[in-house]
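I opened my notebook to go through this one piece by piece. Here is what I looked up.

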Protein chains: 2
Amino acid sequence: MNKSLKEENKLTQIWVDIQSYLERELKAVDQLIYLRLQNPVFLISEISQHLIWAGGKRIRPLLVLLTSKLVGYEGLRSINLAAAIEFIHTATLLHDDVVDESPQRRGIQTAQIVWGNKASILVGDFLFTRAFECMIEDGSLHILRVLSHSASLIAQGEVMQLETLHDLNMKESHYQEIIEAKTASLFEAACHIGAILGGVSPEECEDLRQYGRLLGILFQMTDDILDYQEGEGGKEKGIDFREGKVTLPVILAYEKGNEEERDFWKRTFCEHQHRPGDFKKAQNYLERHNVFQDIQNKLLNLSVSSKKMLEIFPDSETRKLLSNLVDFILRRRF
Amino acid sequence: MNKSLKEENKLTQIWVDIQSYLERELKAVDQLIYLRLQNPVFLISEISQHLIWAGGKRIRPLLVLLTSKLVGYEGLRSINLAAAIEFIHTATLLHDDVVDESPQRRGIQTAQIVWGNKASILVGDFLFTRAFECMIEDGSLHILRVLSHSASLIAQGEVMQLETLHDLNMKESHYQEIIEAKTASLFEAACHIGAILGGVSPEECEDLRQYGRLLGILFQMTDDILDYQEGEGGKEKGIDFREGKVTLPVILAYEKGNEEERDFWKRTFCEHQHRPGDFKKAQNYLERHNVFQDIQNKLLNLSVSSKKMLEIFPDSETRKLLSNLVDFILRRRF
């Protein structure tokens with residue numbers, strides 16, 4: 001068996017283990033999501049159900065379930081709150097997907113774009129209110145505070161990202177700030193909720209939050225690197241490149257690039273002029289400056305740090321799965 | 001003094017009376033809004049402040065303040081909750097303003113549209129989370145439930161409206177359902193909050209909610225009719241007509257129209273083919289079938305019913321102002 005196949009099997013095993021460990025709870029979360037999305041307004045059921053069942057990995061609900069289990073919580077509140085977190089996540093996806101009216105979209109039917117945009121926004125809003133209804137039903141103001149703070153950070157992070165679109169001079173620290181807000185804050189909130197449900201000590205709570213935060217950063221950074229890597233998965237590549245979204249790979253390559261390369265990045269990112277073969281060229285530049293390897297090293301450090309945060313808790317099956325989840329997110333190719 | 005000038009002076013007087021009666025509270029609401037919109041992310045402060053200070057009438061905050069006063073509440077929670085309601089309203093405005101990529105927009109710079117769309121959505125999301133932060137700070141789960149239910153109805157109403165865009169066969173009852181959800185629910189929630197703050201009886205609570213609901217319907221129906229009426233105000237006319245948004249005036253005119261007129265409505269609303277002079281023609285058709293007068297009669301009935309809901313409360317300055325507010329909304333020309 002070759003190395004990459006072995007690696008892939010290991011990843012699949014991690015995923016299967018987590019899924020079977022949480023089988024009952026995940027099924028309950030899905031049932032609750034299904035119930036809460038029943039709506040007399042056709043487009044709402046249609047769009048929200050479509051996105052919710054489109055094969056998302058449910059990583060954020062997983063985190064609520066696993067962390068609450070880790071700290072000994074055995075009730076049902078985690079189901080409801082896991083659904084709330086998935087609603088928030090899906091709402092942000094819908095709002096993030098709003099079509100940029102960029103030149104290459106011009107070929108598409110106007111009406112379709114309009115319908116899609118408006119509907120995405122409004123159904124996103126609806127999901128957002130559903131999330132709050134779940135939390136209000138739960139009744140903990142503490143948890144409401146945690147999740148609404150996170151939702152606020154997500155919006156701020158997305159706006160920061162919008163402000164730096166096409167900005168090749170963005171610093172790595174600013175990139176970091178953006179992904180902490182737009183992605184890591186919800187991972188952190190998911191683990192924070194687990195901690196609150198278990199009623200843990202302040203130190204344990206802090207470590208669980210850190211675990212979530214670091215995992216979230218790891219998640220977004222692997223996502224950003226995968227957009228430039230040839231992978232086996234079905235996910236489309238080069239989306240950030242085409243949108244002009246400056247992410248860590250480009251920041252590093254631009255910093256290290258010679259004059260010719262910088263002109264290339266400026267043309268593609270700032271002037272939005274794309275020619276055939278540009279994406280391949282971008283990938284080559286990233287290779288040339290060892291950008292993939294550099295980021296991979298950062299990711300390894302992050303994975304070690306996040307696993308460390310679990311050490312405060314006694315060894316258990318749940319702790320092992322949370323630790324394996326870090327590897328899963330680090331090594332996934334999709 | 002001619003009749004219309006006298007009428008206008010009366011309206012101005014109503015407005016001035018309300019503003020001076022609530023001067024202290026309204027100032028406090030504005031200060032709180034200002035504070036809560038301070039944000040290190042430039043675009044967030046910029047866009048949200050711009051819209052919030054763009055001269056909105058603050059009718060929903062007014063309702064929280066007046067109704068809570070009516071039922072004897074004297075504390076400061078109404079300030080915070082009035083701000084929350086204004087945040088929700090502004091968020092929905094931002095999301096509602098997302099540019100339809102309709103043909104006549106094609107002349108505009110692409111980048112500008114993109115920036116506007118994405119930014120509107122995300123800043124709207126941010127305002128929405130700010131609203132929830134205000135409510136969570138207030139700490140009443142009851143009020144959280146009322147407002148999140150209303151926010152959910154608004155989203156549902158907006159989606160329903162999207163589904164019926166260009167639908168000339170829409171029934172009046174469906175139009176009613178849409179405006180109750182997208183507009184009246186927040187008016188009702190504002191008054192409901194006032195009632196909760198004052199700790200009133202179930203009957204009084206119900207009547208205050210009804211007052212708000214009827215006022216909200218009145219508000220939206222006058223808004224929809226004003227879009228077709230020549231007015232003195234600076235507000236642009238014919239927006240619904242250009243967007244193909246079917247509202248009550250068009251429903252009634254289409255029902256009563258002859259074949260030629262129906263062809264006209266189909267061409268402009270369904271096929272979206274507009275020619276010079278079309279809007280004037282639309283106005284003439286509405287006149288021809290007494291549509292303005294018919295709706296005016298409905299509005300009068302609504303205003304009587306909503307004022308009736310105040311009769312359960314003893315006579316007071318506040319009650320008089322709430323009653324006058326109905327006239328203000330009914331008679332305004334902007």
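**Surface patch**

I began on the outside: A:Tyr34, A:Leu35 and A:Trp53 make a nonpolar surface patch with about 340 Å² of accessible area together. Patch members have over 30% relative accessible area and no salt bridge, nonpolar side chains (Val, Leu, Ile, Met, Phe, Trp, Tyr) being joined within 5 Å; areas are Shrake-Rupley with a 1.4 Å probe, and only the protein chains shown count as cover.

This is a predicted model, where local features need pLDDT of at least 70 and side-chain atom pairs pLDDT 80 or more, while totals for chains, interfaces and linings use all residues. Residues are numbered from 1 along each chain as written, chains are lettered from A in the order written, and side-chain values use heavy atoms, without hydrogens and water.

I found A:Trp53 in the loop between helix H3 (42-52) and helix H4 (59-70) of chain A; helices are DSSP runs (H or I, at least four residues) numbered from the N terminus. A:Trp53 is partly exposed, at 37% relative accessible area (buried is under 20%, exposed over 50%, partly exposed in between).

**Between the chains**

Next I checked the interface: 45 residues of chain A contact 45 residues of chain B, contact meaning heavy atoms within 4.5 Å. How many salt bridges are there between chain A and chain B? I got zero, a salt bridge being a Lys or Arg side-chain nitrogen within 4 Å of an Asp or Glu carboxyl oxygen.

I then looked up B:Glu133, in helix H6 (residues 110-138) of chain B. B:Glu133 is buried, at 17%. Leaving aside neighbours within four places in sequence, B:Glu133 contacts A:Ser148, A:His149 and A:Ser152.

Technical notes:
Helices (H or I, at least four residues) and strands (E, at least two) are DSSP runs, numbered from the N terminus. Buried means under 20% relative accessible area, exposed over 50%, partly exposed in between (1.4 Å probe, protein chains only). Patches are made of residues with over 30% relative accessible area and no salt bridge: like charges are joined within 9 Å, nonpolar side chains (Val, Leu, Ile, Met, Phe, Trp, Tyr) within 5 Å.
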